[in-house]
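Colleague: I would like to learn how to read a model of this kind, feature by feature. Could we take the sheets, the helices and the contacts in turn?

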Amino acid sequence: MIRLQEDLADELTRTGAHGVIIDITGVEIVDSFIGRMLSTIGSISRLFDAETVIVGMRPAVAITLTELGLSLKGVRTALNAEKGLQILNGKSRPDG
Amino acid sequence: MDVGTPGTRMADYLRDHRDKVIGRWTELVVAGVRGRVTADEVQRELGDLFSLVVRMLSGADEHAAGELHAGLDELSRGRARNGFTPRETALGVFSLKEAVYELVADTAELVPEFLAFSRLIDDLGLHTFEAYSAAREQIIADQSNAMLELSTPVVRLWDGIIAVPLVGTLDSARTQLVMEKLLDTLVATGADHAVIDITGVPTVDTEVAQHLLKTVAAARLLGAECTISGIRPQVAQTIVSLGIEFGDIATKSSLADALALALKHAGLKVVPALWSRCPSSRSGPRCSSPSRSTCRTTP
């Protein structure tokens, strides 16, 4: 996870990207550490003026995060990568 | 079970007076169950049990105890299903003691045998009661399972809009089930708006509110927006007086209002079925809305 944060920060500086999509379809088990790391990634990206969208969360993962009391403040969520891209492209609902 | 010689003697005695004992036993049981079972039926059941008791007492047959217990289990389960009280069920076994006591009361030499027999009947009585309560617990568990399954439908209101009409009290187990079903449906249908309708929830206390908030938080993690609808005046008063905060979750008084809000978020609008007033049909491609009375407007 630390490695991911470093790589992400390097890449954001290099490319000047304005959006980050994290696809966690393959994640079946989460703990509070991963939940916090996802928020941290969101905060890091915001420092580079990039918005983070977490996509493809499994229902079981969502339930676990809720039970842990983590609502992932500071990051957006979407059902799949397509909808995540829509959010980043500004095609999302104006209030969202 | 070690029954020894007294048991054998008792077995012989019971075998000799079979008809008399069963007759009296049946009489006592039928009087106890207040005519819900016919005497013939009772006599048949008790006849089988009686034979097993005699076989067990005689000690010749090691399978008799198991068969007797199985027979009692069967009888108790039947009684539990048919709504008999525990007393009526246990009486079915204990009356045998009474029936036999009436017979041996005058025969002084059978006292030790009767005491051993009495202990055996007590044991069987306890066994009956255990089987009875196990059957009742099973019935209750089955019913609450059935209720859980019945009471948590997730329905599709529109393309991308689903609704969960909740009926009955929300406890942790149900919230878990509702949450799982809602999230699974969100993933399966790709919906991005969910309406949780609590018209059928009798009371909303802090616990129920906590459960609702959790469900909404979980749905948000999947990228779906939730609206809580069906808040009745009394419920609204309770929520406010308990100081429950729904935060930035939209709440509406009726399902219709919640649907209107969801449609608005999805960029849809319901207009009267006059084709001339449909903006997209006048300018450009034909209106492709799912229903005649609605149309997709350009956002």
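Colleague: What is the strand order of the open sheet in chain B, and which kind of pairing does it have?

Modeller: Before that, some conventions: this is a predicted model, in which local features need pLDDT of at least 70 and side-chain atom pairs count only at pLDDT 80 or more, while totals for chains, interfaces and linings use all residues. Residues are numbered from 1 along each chain as its sequence is written, and chains are lettered from A and ligands numbered from 1 in the order in which they are written. Strands of a sheet pair through backbone hydrogen bonds, either parallel or antiparallel. Here two strands pair if DSSP finds at least two bridges between them; strands are DSSP runs (E, at least two residues) and helices likewise (H or I, at least four), numbered from the N terminus. In chain B the open sheet has five strands in the order β1-β2-β3-β4-β5, with mixed pairing.

Colleague: How many bridges join β2(B) to β3(B)?

Modeller: Six, and the two strands run parallel. Within this pair, V167(B) has G200(B) in β3(B) as its bridge partner.

Colleague: Which strand pairs with β3 (193-200) of chain B over five bridges?

Modeller: That is β4 (225-229) of chain B, in the parallel sense. D197(B) stands opposite S229(B) in β4(B), and H193(B) has E225(B) as its bridge partner there. The crossover from β3(B) through α8(B) to β4(B) is right-handed.

Colleague: Which strands does helix α7 (172-189) of chain B touch?

Modeller: Contact is a distance test: the C-beta atoms of two residues, placed from the backbone, must lie within 7 Å. By that test α7(B) packs on the sheet and touches β1, β2 (161-167) and β3 of chain B, its direction making about 165° with that of β2(B). Angles run from 0 to 180 degrees between N-to-C directions, with axes fitted to C-alpha atoms, for helices over the stretch in contact. Helix α8 (206-221) of chain B also packs on the sheet, touching β3 and β4 of chain B, at about 155° to β4(B).

Colleague: Is β3(B) mostly covered or mostly open?

Modeller: Burial is a neighbour count: a residue is buried if 20 or more other C-beta atoms, placed from the backbone, lie within 10 Å of its own, exposed if 12 or fewer, and partly exposed in between. β3(B) is mostly covered, with six of its eight residues buried. In helix α9 (233-242) of chain B, zero of the 10 residues are buried, so α9(B) lies largely in the open. G243(B), with a positive phi near 75°, follows α9(B).

Colleague: What pattern does chain A follow along the sequence?

Modeller: The pattern is α-β-α-β-α-β-α, with four helices and three strands. The strands form an open sheet in the order β1-β2-β3, with parallel pairing. Its edge strands are β1 (19-23) and β3 (76-78) of chain A, and the twist averages 25° from one strand to the next. Three bridges join β2 (51-55) of chain A to β3(A), and I54(A) stands opposite T77(A).

Colleague: Which residues of α4(A) are buried?

Modeller: An α-helix has 3.6 residues a turn, so residues three or four places apart point the same way. In α4(A) the buried residues are K83(A), G84(A), I87(A) and L88(A). They cover an arc of only 145° around the axis (taken from the directions from the helix axis to the C-beta atoms), which puts them on the same side of α4(A). Their cover includes β1, β2 and β3 of chain A. The helix, residues 81-88, lies across those strands at about 160° to β2(A).

Colleague: How many residues of chain A are in contact with chain B?

Modeller: 13 residues of chain A are in contact with 16 of chain B. On the chain A side, α3(A) gives the most, with five residues.

Definitions and conventions
Right-handed = clockwise from strand over helix to strand, strands pointing away.
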